[in-house]
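Good morning, colleagues. Please have the sequence and the structure in view.

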Amino acid sequence: MSSLANTDPEVADIIEMERLRQTNGLELIASENIVSKAVLETTGSILTNKYAEGYPGKRYYGGCEYYDIAENLARDRLCQLFGAEHANVQAHSGSGANMAVYFSTINYGDKIMSMKLSEGGHLSHGSPVSFSGKMYKVVQYGVDHETERLDYADIAAMARKEKPQMIVCGASAYPREIDFKAFGEIAEEVGAYCVADIAHIAGLVAAGLHNSPIDVLPFTTTTTHKTLRGPRGGAIMCKQEYAQAIDKAIFPGLQGGPLMHIIAAKAVCFGEALKPSYKEYCKQIIKNAQTLAATLDAEGLRLVSGGTDNHLMLLDLSDKGLTGLQAENTLHDAGITVNKNTIPRETLSPFVTSGLRIGTPAITSRGMKEEEMKQIGTFIATVLNDIENKQKIAAVRKEVEALASKFPIYAVTE
Ligand SMILES: *Cc1c(COP(=O)(O)O)cnc(C)c1O
(Lines give C-alpha, C1' and ligand atoms only; values in the text may rest on other atoms or scores of the structure.)
Protein backbone atom coordinates (compact mmCIF):
# COMPACT_ATOMS: atom_id res chain seq x y z
CA MET A 1 0.00 0.00 0.00
CA SER A 2 1.19 3.49 -0.77
CA SER A 3 1.70 5.83 2.12
CA LEU A 4 -1.23 7.95 0.96
CA ALA A 5 -3.54 4.94 1.19
CA ASN A 6 -2.35 4.51 4.79
CA THR A 7 -2.44 8.11 5.87
CA ASP A 8 -5.44 9.38 3.96
CA PRO A 9 -7.53 6.59 2.48
CA GLU A 10 -10.29 9.05 1.59
CA VAL A 11 -8.10 10.94 -0.88
CA ALA A 12 -6.30 7.78 -2.01
CA ASP A 13 -9.70 6.34 -2.96
CA ILE A 14 -10.57 9.42 -4.98
CA ILE A 15 -7.32 9.13 -6.93
CA GLU A 16 -7.89 5.45 -7.57
CA MET A 17 -11.46 6.00 -8.78
CA GLU A 18 -10.25 8.74 -11.11
CA ARG A 19 -7.42 6.50 -12.35
CA LEU A 20 -9.99 3.87 -13.29
CA ARG A 21 -12.20 6.47 -14.98
CA GLN A 22 -9.28 7.68 -17.08
CA THR A 23 -8.16 4.14 -17.85
CA ASN A 24 -11.55 2.67 -18.80
CA GLY A 25 -13.04 5.59 -20.71
CA LEU A 26 -12.14 7.59 -23.79
CA GLU A 27 -11.04 11.17 -23.19
CA LEU A 28 -12.07 13.33 -26.12
CA ILE A 29 -11.97 16.72 -24.45
CA ALA A 30 -9.84 18.79 -26.83
CA SER A 31 -7.98 20.65 -24.07
CA GLU A 32 -6.88 17.55 -22.16
CA ASN A 33 -4.02 15.14 -22.48
CA ILE A 34 -2.17 12.39 -20.65
CA VAL A 35 1.26 13.36 -19.35
CA SER A 36 4.31 11.11 -19.37
CA LYS A 37 5.44 9.34 -16.23
CA ALA A 38 8.44 11.67 -16.19
CA VAL A 39 6.19 14.75 -16.06
CA LEU A 40 4.02 13.09 -13.43
CA GLU A 41 7.04 12.19 -11.31
CA THR A 42 8.39 15.73 -11.46
CA THR A 43 5.07 17.36 -10.49
CA GLY A 44 4.95 15.06 -7.47
CA SER A 45 8.54 15.79 -6.43
CA ILE A 46 10.12 17.56 -3.47
CA LEU A 47 10.51 20.64 -5.63
CA THR A 48 7.10 21.62 -4.26
CA ASN A 49 8.71 22.43 -0.90
CA LYS A 50 10.42 25.71 -1.55
CA TYR A 51 9.80 29.39 -2.23
CA ALA A 52 11.71 30.94 -5.13
CA GLU A 53 10.19 34.42 -5.59
CA GLY A 54 12.09 36.30 -8.27
CA TYR A 55 13.94 34.92 -11.29
CA PRO A 56 17.12 32.84 -11.73
CA GLY A 57 20.08 34.71 -10.24
CA LYS A 58 17.75 37.29 -8.61
CA ARG A 59 15.73 35.47 -5.96
CA TYR A 60 14.26 36.84 -2.74
CA TYR A 61 15.02 33.57 -0.93
CA GLY A 62 18.24 31.69 -0.25
CA GLY A 63 18.85 28.12 -1.28
CA CYS A 64 17.54 28.49 -4.83
CA GLU A 65 20.68 27.29 -6.63
CA TYR A 66 19.05 24.15 -8.05
CA TYR A 67 15.76 25.92 -8.77
CA ASP A 68 17.74 28.42 -10.87
CA ILE A 69 19.11 25.56 -12.97
CA ALA A 70 15.60 24.11 -13.39
CA GLU A 71 14.00 27.40 -14.42
CA ASN A 72 16.83 28.28 -16.83
CA LEU A 73 16.50 24.84 -18.38
CA ALA A 74 12.75 25.31 -18.85
CA ARG A 75 13.22 28.79 -20.35
CA ASP A 76 16.03 27.69 -22.68
CA ARG A 77 14.15 24.63 -23.88
CA LEU A 78 10.98 26.64 -24.52
CA CYS A 79 12.93 29.25 -26.52
CA GLN A 80 14.59 26.45 -28.50
CA LEU A 81 11.29 24.65 -29.11
CA PHE A 82 9.57 27.69 -30.62
CA GLY A 83 12.54 29.80 -31.73
CA ALA A 84 11.53 32.51 -29.25
CA GLU A 85 13.74 35.37 -28.02
CA HIS A 86 12.44 35.33 -24.44
CA ALA A 87 10.36 32.95 -22.36
CA ASN A 88 8.59 33.29 -19.02
CA VAL A 89 7.67 29.91 -17.57
CA GLN A 90 6.26 31.10 -14.24
CA ALA A 91 2.67 31.81 -15.33
CA HIS A 92 0.43 29.54 -13.28
CA SER A 93 -2.13 29.28 -16.08
CA GLY A 94 -3.02 30.32 -19.60
CA SER A 95 -5.41 32.98 -18.29
CA GLY A 96 -2.66 34.42 -16.10
CA ALA A 97 -0.29 34.48 -19.06
CA ASN A 98 -2.81 36.57 -21.00
CA MET A 99 -3.31 38.85 -18.02
CA ALA A 100 0.44 39.47 -17.86
CA VAL A 101 0.54 40.45 -21.54
CA TYR A 102 -2.30 42.95 -21.05
CA PHE A 103 -0.76 44.34 -17.84
CA SER A 104 2.62 44.87 -19.48
CA THR A 105 1.24 46.68 -22.53
CA ILE A 106 -2.15 48.41 -22.38
CA ASN A 107 -3.88 50.58 -19.78
CA TYR A 108 -7.03 50.06 -17.75
CA GLY A 109 -9.97 51.03 -19.96
CA ASP A 110 -8.11 50.51 -23.26
CA LYS A 111 -9.72 48.53 -26.05
CA ILE A 112 -9.10 44.84 -26.78
CA MET A 113 -10.26 43.25 -30.02
CA SER A 114 -10.64 39.47 -29.85
CA MET A 115 -12.60 36.46 -31.01
CA LYS A 116 -16.11 35.93 -29.64
CA LEU A 117 -16.33 33.27 -26.96
CA SER A 118 -19.44 31.84 -28.64
CA GLU A 119 -17.54 31.37 -31.92
CA GLY A 120 -14.34 29.89 -30.53
CA GLY A 121 -12.59 32.50 -28.36
CA HIS A 122 -11.62 32.22 -24.68
CA LEU A 123 -12.97 33.79 -21.46
CA SER A 124 -9.67 35.59 -20.85
CA HIS A 125 -9.96 37.38 -24.22
CA GLY A 126 -12.57 39.85 -22.96
CA SER A 127 -15.63 38.01 -21.68
CA PRO A 128 -17.75 40.24 -19.41
CA VAL A 129 -17.48 37.62 -16.64
CA SER A 130 -13.65 37.66 -16.80
CA PHE A 131 -11.18 40.28 -15.51
CA SER A 132 -10.44 40.95 -19.18
CA GLY A 133 -13.99 42.10 -19.90
CA LYS A 134 -14.25 44.09 -16.69
CA MET A 135 -10.96 45.98 -17.03
CA TYR A 136 -10.95 46.73 -20.75
CA LYS A 137 -13.35 47.81 -23.47
CA VAL A 138 -13.90 44.83 -25.73
CA VAL A 139 -14.91 44.49 -29.36
CA GLN A 140 -15.12 41.06 -30.91
CA TYR A 141 -14.87 39.43 -34.28
CA GLY A 142 -16.42 36.08 -35.12
CA VAL A 143 -16.23 33.66 -37.99
CA ASP A 144 -17.88 34.24 -41.35
CA HIS A 145 -21.29 32.60 -41.06
CA GLU A 146 -21.12 31.05 -44.52
CA THR A 147 -17.67 29.49 -44.34
CA GLU A 148 -17.49 29.31 -40.52
CA ARG A 149 -13.87 30.45 -40.86
CA LEU A 150 -12.10 33.66 -39.91
CA ASP A 151 -12.38 36.34 -42.59
CA TYR A 152 -9.23 38.47 -42.39
CA ALA A 153 -10.66 41.27 -44.55
CA ASP A 154 -13.59 41.62 -42.11
CA ILE A 155 -11.21 41.56 -39.15
CA ALA A 156 -9.03 44.23 -40.76
CA ALA A 157 -12.10 46.42 -41.40
CA MET A 158 -13.16 46.07 -37.78
CA ALA A 159 -9.67 46.96 -36.58
CA ARG A 160 -9.58 50.11 -38.76
CA LYS A 161 -12.96 51.20 -37.43
CA GLU A 162 -12.42 50.32 -33.76
CA LYS A 163 -8.72 51.18 -33.39
CA PRO A 164 -8.05 48.76 -30.50
CA GLN A 165 -4.87 49.00 -28.44
CA MET A 166 -4.58 45.19 -28.32
CA ILE A 167 -5.59 42.52 -30.81
CA VAL A 168 -5.90 38.97 -29.48
CA CYS A 169 -5.85 36.01 -31.82
CA GLY A 170 -6.08 32.36 -30.92
CA ALA A 171 -9.01 30.20 -29.89
CA SER A 172 -10.35 27.37 -27.78
CA ALA A 173 -12.79 25.95 -30.28
CA TYR A 174 -11.71 26.74 -33.84
CA PRO A 175 -10.95 23.72 -36.03
CA ARG A 176 -9.02 25.62 -38.71
CA GLU A 177 -5.50 26.99 -39.04
CA ILE A 178 -5.15 30.62 -37.92
CA ASP A 179 -3.11 33.04 -40.06
CA PHE A 180 -0.92 34.78 -37.50
CA LYS A 181 0.93 36.79 -40.14
CA ALA A 182 -2.37 38.30 -41.27
CA PHE A 183 -3.14 39.32 -37.68
CA GLY A 184 0.34 40.85 -37.37
CA GLU A 185 -0.21 42.96 -40.47
CA ILE A 186 -3.61 44.14 -39.25
CA ALA A 187 -2.18 45.06 -35.83
CA GLU A 188 0.72 46.90 -37.40
CA GLU A 189 -1.58 48.89 -39.68
CA VAL A 190 -3.73 50.16 -36.78
CA GLY A 191 -0.86 50.50 -34.29
CA ALA A 192 -2.11 47.83 -31.89
CA TYR A 193 -0.17 45.32 -29.84
CA CYS A 194 -0.94 41.78 -30.85
CA VAL A 195 -0.85 38.57 -28.85
CA ALA A 196 -1.32 35.06 -30.18
CA ASP A 197 -2.83 32.73 -27.61
CA ILE A 198 -1.79 29.26 -28.78
CA ALA A 199 -3.02 27.46 -25.63
CA HIS A 200 -4.69 24.73 -27.67
CA ILE A 201 -2.43 24.36 -30.67
CA ALA A 202 1.00 24.94 -29.07
CA GLY A 203 2.10 21.37 -29.74
CA LEU A 204 1.16 21.60 -33.40
CA VAL A 205 3.05 24.89 -33.71
CA ALA A 206 6.10 23.45 -31.93
CA ALA A 207 6.07 20.48 -34.29
CA GLY A 208 5.92 22.78 -37.33
CA LEU A 209 2.47 21.52 -38.36
CA HIS A 210 0.73 24.88 -37.89
CA ASN A 211 2.19 28.27 -38.81
CA SER A 212 3.97 29.96 -35.91
CA PRO A 213 3.23 33.41 -34.46
CA ILE A 214 6.69 33.73 -32.88
CA ASP A 215 8.42 35.66 -35.68
CA VAL A 216 5.41 37.68 -36.78
CA LEU A 217 3.89 38.84 -33.46
CA PRO A 218 5.45 40.43 -30.37
CA PHE A 219 3.70 38.17 -27.82
CA THR A 220 2.67 34.54 -27.70
CA THR A 221 0.95 32.92 -24.72
CA THR A 222 0.21 29.27 -24.14
CA THR A 223 -0.82 26.64 -21.69
CA THR A 224 1.53 23.73 -21.16
CA HIS A 225 -1.10 21.06 -20.52
CA LYS A 226 -3.08 20.83 -23.75
CA THR A 227 -1.41 19.57 -26.97
CA LEU A 228 1.99 20.31 -25.40
CA ARG A 229 1.27 17.44 -22.97
CA GLY A 230 2.98 18.91 -19.93
CA PRO A 231 1.92 19.81 -16.39
CA ARG A 232 -1.00 22.21 -15.88
CA GLY A 233 0.34 25.73 -16.34
CA GLY A 234 1.06 28.67 -18.62
CA ALA A 235 3.99 30.27 -20.43
CA ILE A 236 4.71 33.47 -22.33
CA MET A 237 7.10 34.07 -25.20
CA CYS A 238 7.97 37.53 -26.46
CA LYS A 239 10.46 39.66 -28.33
CA GLN A 240 13.49 40.64 -26.25
CA GLU A 241 12.35 44.28 -25.99
CA TYR A 242 9.33 43.20 -23.91
CA ALA A 243 11.15 40.62 -21.78
CA GLN A 244 11.54 42.74 -18.67
CA ALA A 245 7.99 44.09 -18.78
CA ILE A 246 6.55 40.58 -19.11
CA ASP A 247 8.65 39.16 -16.29
CA LYS A 248 7.65 42.05 -14.00
CA ALA A 249 3.99 41.67 -14.89
CA ILE A 250 4.06 38.02 -13.79
CA PHE A 251 6.14 38.64 -10.65
CA PRO A 252 5.61 40.79 -8.67
CA GLY A 253 2.76 42.13 -10.84
CA LEU A 254 0.23 39.39 -10.44
CA GLN A 255 1.80 36.30 -8.88
CA GLY A 256 3.85 35.51 -5.82
CA GLY A 257 6.15 32.51 -5.58
CA PRO A 258 6.51 30.30 -8.66
CA LEU A 259 5.40 26.64 -8.61
CA MET A 260 8.90 25.22 -9.02
CA HIS A 261 7.82 21.56 -9.20
CA ILE A 262 5.59 22.57 -12.11
CA ILE A 263 8.36 24.61 -13.75
CA ALA A 264 10.70 21.62 -13.56
CA ALA A 265 7.92 19.48 -15.07
CA LYS A 266 7.53 22.10 -17.83
CA ALA A 267 11.26 21.59 -18.54
CA VAL A 268 10.63 17.85 -18.85
CA CYS A 269 7.65 18.48 -21.17
CA PHE A 270 9.64 20.86 -23.41
CA GLY A 271 12.48 18.34 -23.51
CA GLU A 272 10.03 15.68 -24.67
CA ALA A 273 8.58 18.05 -27.29
CA LEU A 274 12.09 18.63 -28.70
CA LYS A 275 12.41 14.93 -29.58
CA PRO A 276 11.55 13.67 -33.09
CA SER A 277 8.94 11.30 -31.61
CA TYR A 278 6.91 14.30 -30.47
CA LYS A 279 6.53 15.53 -34.04
CA GLU A 280 5.28 12.08 -35.00
CA TYR A 281 2.80 12.28 -32.12
CA CYS A 282 1.48 15.65 -33.34
CA LYS A 283 1.17 14.42 -36.92
CA GLN A 284 -0.89 11.52 -35.62
CA ILE A 285 -3.12 13.90 -33.59
CA ILE A 286 -4.08 15.66 -36.83
CA LYS A 287 -4.47 12.45 -38.85
CA ASN A 288 -6.67 11.09 -36.08
CA ALA A 289 -8.81 14.24 -35.94
CA GLN A 290 -9.29 14.17 -39.71
CA THR A 291 -10.20 10.48 -39.71
CA LEU A 292 -12.64 10.94 -36.83
CA ALA A 293 -14.18 13.98 -38.56
CA ALA A 294 -14.57 12.07 -41.83
CA THR A 295 -16.23 9.17 -39.99
CA LEU A 296 -18.70 11.46 -38.21
CA ASP A 297 -19.43 13.25 -41.48
CA ALA A 298 -20.11 9.93 -43.21
CA GLU A 299 -22.49 9.05 -40.36
CA GLY A 300 -24.55 12.16 -41.17
CA LEU A 301 -23.33 14.51 -38.44
CA ARG A 302 -22.58 18.11 -39.42
CA LEU A 303 -19.07 19.44 -38.79
CA VAL A 304 -18.70 23.19 -38.29
CA SER A 305 -16.62 24.51 -41.25
CA GLY A 306 -16.86 21.05 -42.79
CA GLY A 307 -13.84 19.48 -41.13
CA THR A 308 -10.61 20.18 -39.27
CA ASP A 309 -6.98 21.25 -39.81
CA ASN A 310 -5.93 20.64 -36.23
CA HIS A 311 -6.61 18.50 -33.15
CA LEU A 312 -10.30 19.30 -32.71
CA MET A 313 -13.65 19.41 -34.44
CA LEU A 314 -17.00 20.96 -33.63
CA LEU A 315 -20.22 19.09 -34.24
CA ASP A 316 -23.40 21.04 -34.92
CA LEU A 317 -26.25 18.97 -33.47
CA SER A 318 -29.06 21.42 -34.19
CA ASP A 319 -30.34 19.58 -37.27
CA LYS A 320 -30.52 16.36 -35.20
CA GLY A 321 -32.79 18.06 -32.68
CA LEU A 322 -30.18 17.47 -29.95
CA THR A 323 -28.48 19.87 -27.57
CA GLY A 324 -24.81 19.77 -26.65
CA LEU A 325 -25.79 19.10 -23.05
CA GLN A 326 -27.85 16.04 -23.95
CA ALA A 327 -25.07 14.73 -26.18
CA GLU A 328 -22.38 15.29 -23.52
CA ASN A 329 -24.42 13.49 -20.86
CA THR A 330 -25.37 10.55 -23.04
CA LEU A 331 -21.84 10.04 -24.37
CA HIS A 332 -20.66 10.15 -20.75
CA ASP A 333 -22.97 7.21 -20.04
CA ALA A 334 -21.25 5.40 -22.90
CA GLY A 335 -17.78 6.05 -21.41
CA ILE A 336 -16.87 8.83 -23.84
CA THR A 337 -15.94 12.20 -22.34
CA VAL A 338 -16.54 15.30 -24.48
CA ASN A 339 -17.78 18.80 -23.82
CA LYS A 340 -20.79 20.70 -25.05
CA ASN A 341 -19.79 23.80 -26.95
CA THR A 342 -21.40 26.82 -28.53
CA ILE A 343 -21.23 26.98 -32.32
CA PRO A 344 -21.37 29.91 -34.76
CA ARG A 345 -24.87 31.48 -34.77
CA GLU A 346 -25.60 29.76 -31.44
CA THR A 347 -29.17 30.17 -30.20
CA LEU A 348 -28.90 28.32 -26.87
CA SER A 349 -27.20 29.23 -23.58
CA PRO A 350 -23.59 28.18 -22.90
CA PHE A 351 -24.94 25.66 -20.36
CA VAL A 352 -27.01 23.93 -23.05
CA THR A 353 -25.48 24.74 -26.50
CA SER A 354 -26.09 23.24 -29.94
CA GLY A 355 -22.62 21.80 -30.36
CA LEU A 356 -20.02 19.36 -29.18
CA ARG A 357 -16.25 19.85 -29.17
CA ILE A 358 -14.21 16.72 -29.79
CA GLY A 359 -10.42 16.46 -29.69
CA THR A 360 -7.82 13.76 -30.30
CA PRO A 361 -4.71 14.72 -28.22
CA ALA A 362 -5.41 12.37 -25.29
CA ILE A 363 -6.48 9.29 -27.26
CA THR A 364 -3.48 9.80 -29.54
CA SER A 365 -1.23 9.80 -26.47
CA ARG A 366 -2.68 6.35 -25.69
CA GLY A 367 -1.40 5.15 -29.04
CA MET A 368 -4.67 5.05 -30.96
CA LYS A 369 -4.54 5.53 -34.72
CA GLU A 370 -6.88 5.85 -37.71
CA GLU A 371 -8.43 2.40 -37.25
CA GLU A 372 -9.51 3.26 -33.70
CA MET A 373 -10.80 6.66 -34.85
CA LYS A 374 -13.20 4.95 -37.23
CA GLN A 375 -14.44 2.80 -34.34
CA ILE A 376 -14.83 5.80 -32.03
CA GLY A 377 -16.64 7.77 -34.72
CA THR A 378 -19.09 4.90 -35.07
CA PHE A 379 -19.54 4.74 -31.27
CA ILE A 380 -20.36 8.46 -31.14
CA ALA A 381 -22.75 8.28 -34.10
CA THR A 382 -24.50 5.21 -32.67
CA VAL A 383 -25.19 7.07 -29.43
CA LEU A 384 -26.19 10.38 -31.03
CA ASN A 385 -28.39 8.83 -33.70
CA ASP A 386 -30.46 6.91 -31.12
CA ILE A 387 -30.04 8.93 -27.97
CA GLU A 388 -32.95 7.43 -25.97
CA ASN A 389 -31.86 3.84 -26.56
CA LYS A 390 -30.43 2.76 -23.18
CA GLN A 391 -29.54 -0.72 -24.43
CA LYS A 392 -27.49 0.62 -27.29
CA ILE A 393 -25.70 3.04 -24.97
CA ALA A 394 -24.81 0.21 -22.59
CA ALA A 395 -23.56 -1.88 -25.52
CA VAL A 396 -21.38 1.01 -26.75
CA ARG A 397 -19.99 1.40 -23.23
CA LYS A 398 -18.84 -2.22 -23.29
CA GLU A 399 -17.12 -1.65 -26.63
CA VAL A 400 -15.52 1.56 -25.34
CA GLU A 401 -14.11 -0.32 -22.34
CA ALA A 402 -12.81 -3.12 -24.55
CA LEU A 403 -11.06 -0.61 -26.81
CA ALA A 404 -9.67 1.38 -23.87
CA SER A 405 -8.26 -1.78 -22.28
CA LYS A 406 -6.09 -2.33 -25.38
CA PHE A 407 -4.43 1.07 -24.89
CA PRO A 408 -3.31 1.33 -21.26
CA ILE A 409 -2.76 4.91 -20.19
CA TYR A 410 0.97 4.94 -19.52
CA ALA A 411 2.10 2.36 -22.04
CA VAL A 412 2.88 4.76 -24.88
CA THR A 413 3.99 8.10 -23.52
CA GLU A 414 6.35 6.81 -20.83
C1 LIG B 1 -7.36 26.83 -22.18
C2 LIG B 1 -7.17 28.21 -22.71
C3 LIG B 1 -6.68 29.25 -21.90
C4 LIG B 1 -6.62 29.19 -20.40
O5 LIG B 1 -5.92 28.34 -19.78
P6 LIG B 1 -6.08 28.12 -18.19
O7 LIG B 1 -4.79 27.49 -17.88
O8 LIG B 1 -7.28 27.26 -18.01
O9 LIG B 1 -6.24 29.47 -17.56
C10 LIG B 1 -6.41 30.47 -22.48
N11 LIG B 1 -6.61 30.67 -23.78
C12 LIG B 1 -7.11 29.72 -24.58
C13 LIG B 1 -7.30 30.02 -26.02
C14 LIG B 1 -7.41 28.47 -24.07
O15 LIG B 1 -7.96 27.54 -24.86
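Glu 53 is buried yet has no salt bridge. Buried here means under 20% relative accessible area, with exposed set at over 50% and partly exposed in between, using a 1.4 Å probe and protein chains only. A salt bridge is a side-chain nitrogen of Lys or Arg within 4 Å of a carboxyl oxygen of Asp or Glu. The nearest side chain of opposite charge to Glu 53 is Arg 59, 9.6 Å away; for charge, Lys and Arg count as positive and Asp and Glu as negative, while His and the chain ends are not counted.

Before going further, I must state that this is a predicted model, in which local features need pLDDT of at least 70 and side-chain atom pairs count only at pLDDT 80 or more, while totals for chains, interfaces and linings use all residues. Residues are numbered from 1 along each chain as its sequence is written, and side-chain values use heavy atoms, with hydrogens and water left out.

Where does Glu 53 sit? Glu 53 is in the loop between helix H3 (37–43) and strand S2 (54–55). Helices (H or I, at least four residues) and strands (E, at least two) are DSSP runs, numbered from the N terminus. Leaving aside residues up to four places away in sequence, Glu 53 touches Lys 58, Arg 59, Tyr 60, Tyr 61, Phe 251, Gly 256, Gly 257 and Pro 258, where contact means heavy atoms within 4.5 Å.

Pro 56 lies in the loop between S2 and strand S3 (58–59). With a relative accessibility of 12%, Pro 56 counts as buried. The contacts of Pro 56, again not counting residues up to four places away in sequence, are Asp 68, Glu 71, Asn 72 and Arg 75. From Pro 56 to Cys 79 there are 23 residues in sequence and 16 Å in space, C-alpha to C-alpha.

I turn now to the annotated lysine. UniProt, in an unreviewed entry, lists Lys 226 for "modified residue: N6-(pyridoxal phosphate)lysine". UniProt positions are given in the numbering used here, feature names are shortened, and annotations may be inferred rather than shown by experiment. Is Lys 226 buried or exposed? Its relative accessible area is 11%, so Lys 226 is buried. Lys 226 is found in the loop between strand S9 (219–223) and strand S10 (234–238). Beyond residues up to four places away in sequence, Lys 226 touches Ser 31, Asn 33, Ala 199 and His 200.

Two strands pair if DSSP finds at least two bridges between them. Axes are lines fitted to C-alpha atoms, for helices over the stretch in contact, and angles run from 0 to 180 degrees between N-to-C directions.

S9 and S10 are antiparallel, paired over five bridges, and Thr 221 stands opposite Ile 236 in S10.

S7 pairs in the parallel sense with strand S5 (residues 111–115) over two bridges. Four bridges join S7 to strand S8 (residues 193–197), also in parallel, with Ile 167 opposite Cys 194 in S8.

Finally, the other sheet. Four strands form an open sheet in the order S11-S12-S15-S14, with antiparallel pairing. Its edge strands, strand S11 (302–303) and strand S14 (339–341), each pair on one side only. Five of the five residues of S12 are buried, so S12 is largely enclosed by the rest of the structure. Leu 312, Leu 314 and Asp 316 lie on one side of S12, and Met 313 and Leu 315 on the other. S12 and S15 run antiparallel, joined by five bridges, and Asp 316 stands opposite Gly 355 in S15. Helix H12 (residues 276–298) lies across S11, strand S12 (312–316) and S15, at about 15° to S12.
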